[in-house]
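User: Got a model open here. Can you walk me through the ligand site and then the packing?

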Amino acid sequence: MYGNNEVCYPSTLILGDIINTLQSGNYDVKDIVLAITQTGGQCRATNYLAQIKSGLQNAGFRDIPVIALSSGGSYQNDESEFKLEWQKVVKIAIDLVLYSDNLQQMHSAISVREKKTGASLDVFNFYIERGIDAVRANSPKTLRRLMKEAVADFNNVLIHDRNYTKVGLIGEIFLKYNNYAQANITEWLRSKEVEVSCPPLLDFLLQFFVNNKENIKNGLDEESIMGKALKPLIWNLINRKIRKYEKIMSGFKFFEPSESIFAKAESASEVLSLSNQFGEGWLIAGEIAHYARKGVNKVVCIQPFGCIANHIIAKGVEKRLKTLYANMNILYLDIDGGIAEVNLQNRLHFMIS
Ligand code: SF4
């Protein structure tokens with residue numbers, strides 16, 4: 001109603017969420033600044049800012065400033081006086097991603113096995129709330145302490161001792177993690193006693209290191225002296241934190257160690273050029289290879305309507321993937337606002353049975 005409905009489905013959903021919130025009457029609209037993450041890229045991801053601004057104007061919220069939340073200089077808003085001090089938040093930002101990825105991993109493994117419905121979700125929600133407090137206090141140490149407690153609490157949830165089919169859920173980032181946007185297929189799969197494994201958010205962010213290296217190699221980017229000095233420092237900082245969290249997570253009964261983003265990139269490079277960086281880019285092929293190595297031979301790849309990027313680097317590489325991983329069963333699902341859930345579910349039925 002307020003946006004251009006020829007853009008991709010996630011962009012429409014996000015604009016809708018924002019306008020819904022502003023129209024709810026719960027906020028003083030004179031006292032609001034809207035911030036949207038901007039990772040940029042070769043698809044509509046670069047245009048969320050413009051789509052939101054235009055949507056707000058159409059909905060009568062002309063005076064609300066919209067700013068880009070971005071780590072680089074390219075997507076900053078000229079009108080903005082809001083500068084995020086990355087030096088102050090970088091540590092907690094890395095911990096936050098690791099903390100939430102690990103909560104997600106534990107919840108995925110436990111919720112499907114739990115004896116009492118909702119027990120795992122209760123633990124998950126409790127630690128999300130506690131995590132928010134720790135982030136507000138800018139305390140990575142508190143997040144790590146909470147992580148230890150979460151491991152113990154998830155381990156204590158009473159579970160059935162059975163074998164569960166595991167399915168990898170990959171695809172467009174918003175659909176992958178948002179229940180509403182993905183028409184609740186994660187919950188539906190769980191209700192059929194299927195363990196749903198979703199790749200960590202961290203990998204989406206770490207692909208920057210691969211992309212940057214690839215782009216410099218191909219002459220698409222230049223290496224600044226600053227960048228050359230900073231990148232190894234940030235890479236080491238992130239990896240030190242990953243090791244800290246893995247040490248804590250090793251106490252979880254279904255713990256699975258992560259795989260380096262460069263290992264995923266190497267497998268992906270057997271399928272397509274790493275210059276494919278639009279949407280989820282080469283990460284989709286890398287994630288399918290990762291699941292194949294782990295013995296997970298069923299993967300659902302969800303794509304939003306209007307996402308040309310994911311059609312090219314997901315469906316477009318199916319033949320090559322099937323040649324490399326003959327046992328891999330890949331189900332591509334297109335998701336849009338008007339889709340009948342039953343059409344998704346009956347295709348999922350075929351896959352799991
Ligand atoms: S990857 Fe697809 S869904 Fe995501 S912003 Fe780009 S075009 Fe839209």
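User: Which residues are around the ligand?
Analyst: They are C8, P10, S11, C43, R44, A45, E172, G279, P304, C307, A309 and N310. Near means that a residue's C-beta atom, placed from the backbone, lies within 6 Å of the molecule. This is a predicted model: local features need pLDDT of at least 70, side-chain atom pairs count only at pLDDT 80 or more, and totals for chains, interfaces and linings use all residues. Residues are numbered from 1 along each chain as its sequence is written.

User: Which elements give two or more residues to that shell?
Analyst: Helix 1 (9-23) and helix 12 (308-313). Helices (H or I, at least four residues) and strands (E, at least two) are DSSP runs, numbered from the N terminus.

User: Stay on helix 1. Which of its residues are buried?
Analyst: Y9, P10, S11, T12, L15, I18 and I19. Buried means 20 or more other C-beta atoms within 10 Å of the residue's own, with C-beta atoms placed from the backbone. Their cover includes strand 1 (34-37), helix 2 (48-58) and strand 5 (298-304). Just after helix 1, G25 takes a positive phi of about 85°.

User: New topic. Which residues touch the most other members in the largest nonpolar core?
Analyst: Of its 64 residues, M147, A150, I284, A285, I288, V299 and C301 do. Such a core is a set of buried Ala, Val, Leu, Ile, Met, Phe, Trp, Tyr and Cys residues joined through C-beta atoms within 7 Å. Helix 3 (residues 86-111) gives the most to this core, seven residues.

Definitions and conventions
A residue is buried if 20 or more other C-beta atoms lie within 10 Å of its own, exposed if 12 or fewer, and partly exposed in between; C-beta atoms are placed from the backbone. Two residues are in contact if their C-beta atoms, placed from the backbone, lie within 7 Å.
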